[in-house]
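Keep the structure open beside you as you read.

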Amino acid sequence: MEDRYATFGEYVVHREVLDESRLDVVAQKGTWSTKPTAGEQMKDMLRCSVSRVKDVLLTWIPILSWLPKYPFRENILGDVVSGCSVGIMHLPQGMAYALLASLRPVLGLYSSLFPVLVYCVFGTSRHISVGTFAVVSIMVGSVTERLAPDSNFIVNGTNGSEIVNLTARDLYRVQVACSLTVLAGIFQILLGLVKFGFMVMYLSEPLVRGYTTASACHVCVSQLKCLFGVKPARFIGPFYLIVTATIITHFCGLNSEYSIDVVGEIPSGLKPPHAPDTTLFSQIIGDAFAIAIVGYAINISLGKTFALKHGYKVNNNQELVSLGLCNTIGGCFRCYAVASSMSRSLVQESTGCKTQIAGMVSSVIVLITVLKIGSLFEDLPKAVLSTIVIVNLRGMFKQFTDMPMLWKSNKVDLLVWLVTFISTILLNLDLGLAVSIGFSMLTIIFKTQLPRYSILGNVPGTELYLDIEAYKEAKEIPGIKIFHSSGTINFTNAEMYLESLQEKSGIDIGKLQTERKNQEAKQRREQEKQKKRERDEAKKNVCMLQRLNKNKDNQKGVVLSMADTDSDVSGKGQVNWGYRSDKVTSDSDSDSYEVVTVDSKQGEDGKQSSYRSGTHSIILDVSVTSSLDTVAVKTLKNIFRDFGDVGVTIYLAACQACVVEQMERANFFSEFVPKSCLFVSVHDAVLHIFKKLGQENNGTDLFCDTKM
């Protein structure tokens with residue numbers, strides 16, 4: 001031990017044992033509050049001053065805070081090189097991902113232009129590349145094909161044949177996509193304004209990675225038709241990815257002639273903005289919300305990754321607002337929903353990007369293409385674009401390697417990954433997302449309902465109390481059970497907490513209470529029998545006294561008085577209580593009785609009891625409990641009452657201050673549950689018990705001065 005102390009150092013703590021009441025005095029607990037009242041908060045929100053206006057502008061328009069201080073010489077070269085590299089990537093990806101959205105390729109170029117400029121002004125990440133993204137594109141495509149299928153635009157052709165009016169179909173799909181994008185943007189802005197950026201916490205990394213992997217499968221399958229130049233009938237809805245009947249139908253009617261699809265006309269110039277078709281909102285509200293959540297989750301996960309690497313912060317709520325503005329403004333300029341792309345963001349970061357100036361440079365590249373050289377891409381085969389899409393999915397397909405890693409590290413996360421992947425594959429992107437989020441929530445609920453319960457033991461010579469099943473040197477203290485839960489106590493696990501406490505401590509409250517009641521009933525019966533015997537004995541003594549007094553003249557002057565008789569007879573006919581058994585402690589007119597304390601080692605029949613084990617005190621370690629609801633408070637009250645009834649004293653250790661305040665508001669403390677039963681640590685509670693029992697260390701290596 002000395003060598004270990006020399007290596008790691010040591011400290012000695014010497015202080016009094018502190019319960020909660022004493023702690024309030026020693027630490028001078030105050031009743032003041034530094035949190036402003038609701039009225040003060042409202043006044044602060046409505047206060048208008050130059051400094052406040054400046055703060056609001058810098059918060060909502062981040063470019064105003066960094067652009068005036070932009071270090072031109074240090075950053076401009078990296079930003080320009082990075083912007084040109086990403087701009088070149090935008091061209092093929094924008095046109096390719098537009099095919100995923102079932103839109104004309106030029107709309108992918110628009111979506112790589114306007115939203116990028118908007119994000120440069122309102123975004124807080126310096127390195128992510130906003131624009132077209134495969135997962136969001138295919139989510140948009142599922143909506144456009146559902147509301148504008150080919151069957152709705154069939155017209156009569158020559159020789160009585162039926163053909164699809166592609167112009168009318170594409171125009172309506174643009175309306176659907178733009179309305180969907182604007183509505184998704186409105187959702188994102190509203191969520192950002194109400195500070196709902198924290199919701200990304202509920203989209204765990206396994207969920208996001210499983211969802212994007214399944215989306216990659218959807219994207220890959222959707223590109224096979226362009227890659228092989230076939231035109232199978234499109235089915236929308238759950239299980240659409242399983243295409244057996246479609247394949248059989250297609251190949252049984254195999255056509256001998258194929259024509260290669262190309263990008264087609266890319267009009268030069270920009271279109272004027274137009275308002276979305278609000279009549280479509282009722283049909284796309286669910287899809288818009290799903291796109292808003294998925295786009296934000298991808299944005300914030302990439303943004304936080306780069307921010308952590310480069311040492312700056314990303315504002316969750318501002319990211320929601322900025323992405324919402326990208327979609328809302330972009331939707332008015334014929335753009336469809338955007339998000340950050342992992343491949344472009346990695347290129348932007350690795351080529352020397354310092355700020356969102358790189359995004360502005362990439363927008364210039366796209367703008368030049370739209371205005372001047374777009375016609376050069378008109379003869380580009382769609383099969384090439386499909387190949388670009390599939391190649392860009394390689395990073396997502398690599399996420400299949402998550403499964404063996406999760407199998408080793410956390411099987412619950414693996415289950416979330418698999419459920420997300422399978423549900424997204426089978427039920428389509430929107431339903432799959434809903435199912436995966438619901439399942440993820442269920443895992444959280446089950447985790448709170450199934451915490452790990454353990455009995456703690458003391459590591460000799462220290463104040464450490466560890467799980468006796470996990471640490472060999474941790475030893476139980478005779479007569480004291482220290483019960484620990486790895487989770488907080490709430491209404492979902494309160495009953496399990498009580499059951500586990502009884503199981504781990506070896507004290508079955510139900511049996512002990514039944515035993516106590518049987519003992520009390522047995523004692524009452526004995527008392528009644530004793531009272532009856534005493535009454536019969538008193539009557540016999542009174543009769544004897546009367547006979548003696550009646551015959552005193554015949555006894556020739558022998559006077560029998562109370563002083564000459566035994567002490568069990570009263571001269572006034574009353575019972576001498578000296579005849580009472582030592583077990584009787586109450587008078588004959590009282591219904592009260594002596595409370596019997598059940599022997600800790602003896603059962604009702606005098607045999608060894610296997611469910612008590614000599615425990616006289618239980619310490620509940622509630623250090624991980626962060627809050628108590630009404631059910632948890634009632635459960636703790638019942639624990640104090642029920643264990644107290646069978647002679648076991650309950651103590652609480654390591655209560656957080658917020659939990660103590662909740663207890664006080666819930667009237668937890670009373671004459672039977674005093675505040676002095678709360679201790680600042682398990683060690684304090686143990687030392688208090690030893691002092692109460694008049695023991696120094698109860699045969700264990702425990703000290704008030706703890707050397708470590």
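On a 1 Å grid over the protein atoms alone, a cavity is a set of points where a 1.4 Å probe fits but cannot get out, while a pocket is an open set with protein on both sides within 12 Å along at least five of seven lines; a residue belongs to the lining if it has an atom within 4 Å of a point. Grid points are joined across faces, edges and corners, and a volume is the space filled by probe spheres set on those points. By these rules, the structure holds four cavities of 30 Å³ or more. This is a predicted model, in which local features need pLDDT of at least 70 and side-chain atom pairs count only at pLDDT 80 or more, while totals for chains, interfaces and linings use all residues. Residues are numbered from 1 along each chain as its sequence is written, and side-chain values use heavy atoms, with hydrogens and water left out.

What volume does the largest cavity have? About 60 Å³. Its lining is made up of Leu-203, Leu-207, Val-208, Tyr-211, Val-294, Ala-297, Ile-298 and Leu-433. Helix 11 (205-222) and helix 14 (281-310) are the elements that give two or more residues to this lining; helices (H or I, at least four residues) and strands (E, at least two) are DSSP runs, numbered from the N terminus. The lining divides into eight nonpolar residues, no polar and no charged, where Ala, Val, Leu, Ile, Met, Phe, Trp, Tyr, Cys and Pro count as nonpolar, Asp, Glu, Lys and Arg as charged, and the others, Gly among them, as polar.

## The second largest pocket

The second largest pocket contains about 720 Å³ of space. Of its 27 lining residues, Arg-209, Ser-301, Leu-302, Met-342 and Gln-399 lie nearest the centre. At least two lining residues come from each of helix 11, helix 14, helix 16 (342-350) and helix 19 (394-397), and helix 14 gives the most, with eight. This lining has 14 nonpolar, nine polar and four charged residues.

## The chain as a whole

The chain has 26 helices and twelve strands. Of its 708 residues, 43% count as buried, that is, under 20% relative accessible area, with exposed meaning over 50% and partly exposed in between (1.4 Å probe, protein chains only).

## Charged pairs

How many salt bridges does a search of the whole structure find? There are 13, each a side-chain nitrogen of Lys or Arg within 4 Å of a carboxyl oxygen of Asp or Glu. One of them joins the side chains of Arg-169 and Asp-150, at 2.9 Å from N to O. Arg-169 lies in helix 10 (residues 166-193) and Asp-150 in the loop between helix 9 (134-147) and strand 3 (154-156), so this pair ties together parts 19 residues apart in sequence. Arg-169 is buried at 14% relative accessibility, whereas Asp-150 is partly exposed at 35%.

Lys-504 pairs with Glu-469, their closest N and O atoms being 3.5 Å apart. Because Lys-504 lies in helix 22 (residues 494-505) and Glu-469 in the loop between strand 7 (465-467) and strand 8 (480-485), the bridge ties together parts 35 residues apart in sequence. Lys-504 is partly exposed at 28%, and Glu-469 is exposed at 59%.
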